[in-house]
Amino acid sequence: MRTIIEPFRIKSVEPLHHTTPEERERCLVDAGYNLFLIPARDILIDLLTDSGTSAMSTGQWAAVMRGDESYAGSDSFFRLKAVAADLTGFRHMIPTHQGRAAERILFTVMCKPGHIVPSNTHFDTTRANIEFTGARAVDLPVPEAADTQARLDFKGNMDVAALESLIAAEGAERIPLAMLTITNNSGGGQPVSMANIEAVKNVCARHGIPLYLDACRFAENAWFIREREPGYGDWSPKRIAQKMFSLGDGCTFSAKKDAFANIGGFLCSNDDRVAQQETNLLILTEGFPTYGGLAGRDLDAIATGLEEVLDPDYLRYRIVSTGYLGRHIADRGVPIVEPPGGHAIYIDAARMLPHIPPCQFPGQALAVELYRHAGIRSVEIGSVMFGAAAQHELLRLAIPRRVYTQSHIDYVVEAILEVNARKDRIRGLEIVEEPPFLRHFSARFRPLA
Ligand code: F0G
């Protein structure tokens with residue numbers, strides 16, 4: 001059979017709430033045209049993020065009931081520890097309440113003012129946590145990644161020559177660690193090849209720089225390697241993931257992505273001294289090292305999710321279904337970041353709406369129009385989010401794991417194509433109110449005439 005189906009059936013359902021065009025217009029006005037400020041019950045299909053929005057499995061709900069809520073030495077912790085050790089091979093693992101808590105602890109321990117932390121592309125919380133320590137976060141994506149239309153197998157790769165030059169120019173002693181974000185979220189959800197991880201590791205090892213993986217979407221990355229990189233076609237996703245982790249000296253992980261958990265994360269390291277300092281900080285702000293700010297039931301859900309996500313049937317469906325949305329809109333004229341990524345499709349709003357300049361926020365204008373037309377929530381990744389530093393004007397449609405069926409996605413395709421057919425009439429926006437930082441969460445806008 002060639003038809004790829006959702007590898008699950010549905011046991012528990014959550015009703016969707018339809019709104020009228022008039023209700024949506026009222027919601028937009030009340031929210032200042034910022035979709036973060038619209039109550040979730042007024043959203044029909046929510047593609048704001050794939051983080052913490054997964055549907056948990058029967059196995060995970062059973063694990064939740066098994067959760068051991070002991071303050072110290074909980075069984076749930078030891079189950080997670082065993083699963084994480086088997087998968088990552090790292091010596092130390094501390095649970096955290098989500099990915100950015102792991103980031104804050106890692107960079108507080110490793111970074112000082114004047115330090116530099118290179119990555120293929122830092123996610124925004126990663127960058128913010130590095131800069132909060134006084135260090136500088138540097139993105140070194142491969143140059144081809146700048147062209148949204150270039151179709152590369154591993155467009156998330158780091159530019160290894162640029163890494164060498166950075167080390168030569170700045171000195172290895174100023175670089176306390178390097179990172180690789182797999183898959184590369186801010187770069188379009190694009191994968192990183194095993195060859196690139198190996199090359200980055202070699203450069204880092206030569207200079208005594210530890211390499212950390214931002215492993216939020218490690219399983220999706222492993223699947224892309226299996227599908228696209230010569231030599232891995234008959235490897236299991238787990239074996240590929242184990243090899244990826246074996247090239248790192250540690251990792252940060254948000255369990256809200258590839259562990260199908262609604263909350264949680266962890267921080268791993270092979271360095272005993274660093275791990276001790278991290279544990280001390282963890283106790284100060286997150287909790288005792290065997291729960292790290294989570295309930296025992298969360299630890300158990302993560303442990304189960306980490307095993308489920310490596311199921312080849314799941315990963316095949318996941319990557320094919322994201323590509324389905326991408327191809328169905330791109331092949332009918334909507335410019336997306338090519339090729340489709342693992343967890344999301346990114347529309348190139350600057351290309352789709354050339355009559356709206358970046359200062360009038362084409363990505364935000366498109367997000368508003370898609371909500372107005374069909375009740376779909378997406379997120380701008382462009383000048384609203386990054387200000388003048390924005391490289392592209394993108395609209396991200398992130399796909400929650402195991403949540404929507406193909407007919408939901410067909411509805412999204414139809415809505416996008418209808419909006420695209422009358423895109424010339426979409427107008428830009430201006431900001432009327434904004435906070436001093438991370439303005440995309442709370443800024444208010446006004447439509448331009
Ligand atoms: N790293 C990457 C690559 C991420 O995508 C995220 C979160 C984090 C770190 C931080 O993890 O949210 O658990 O604190 N990304 C979400 C998103 C928010 O919508 O892309 P967290």
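**View 1. Helix 4 (residues 99–110) gives the largest share of the shell around the ligand, 3 residues.** Helices here are DSSP runs of H or I, at least four residues, numbered from the N terminus. The model is predicted: local features need pLDDT of at least 70 and side-chain atom pairs pLDDT 80 or more, while totals for chains, interfaces and linings use all residues. Residues are numbered from 1 along each chain as its sequence is written, and side-chain values use heavy atoms, without hydrogens and water.

**View 2. The ligand is surrounded by 17 residues.** Among the closest are Thr-49, Arg-100 and Asp-214. By type, the shell holds 8 polar, 7 charged and 2 nonpolar residues.

View 3. The protein buries 93% of the 480 Å² that the ligand exposes when taken alone (Shrake-Rupley method, 1.4 Å probe).

**View 4. The largest pocket lies between domain 1 (21–50 + 311–447) and domain 2 (58–308), because both give residues to its lining.** Domain bounds come from an automatic or database domain assignment. The volume of the largest pocket is about 1300 Å³. Its lining has 36 residues, with Ser-12, Glu-14, Ala-55, Arg-402 and Val-403 closest to the centre. A pocket is an open set of points on a 1 Å grid where a 1.4 Å probe fits, with protein on both sides within 12 Å along at least five of seven lines; lining residues have an atom within 4 Å of a point.

Notes
Near = heavy atom within 4 Å. Helix = DSSP H or I, 4+ residues; strand = E, 2+ residues; numbered from the N terminus. Nonpolar A, V, L, I, M, F, W, Y, C, P; charged D, E, K, R; others polar. Points joined across faces, edges and corners; volume = space filled by probe spheres on them.
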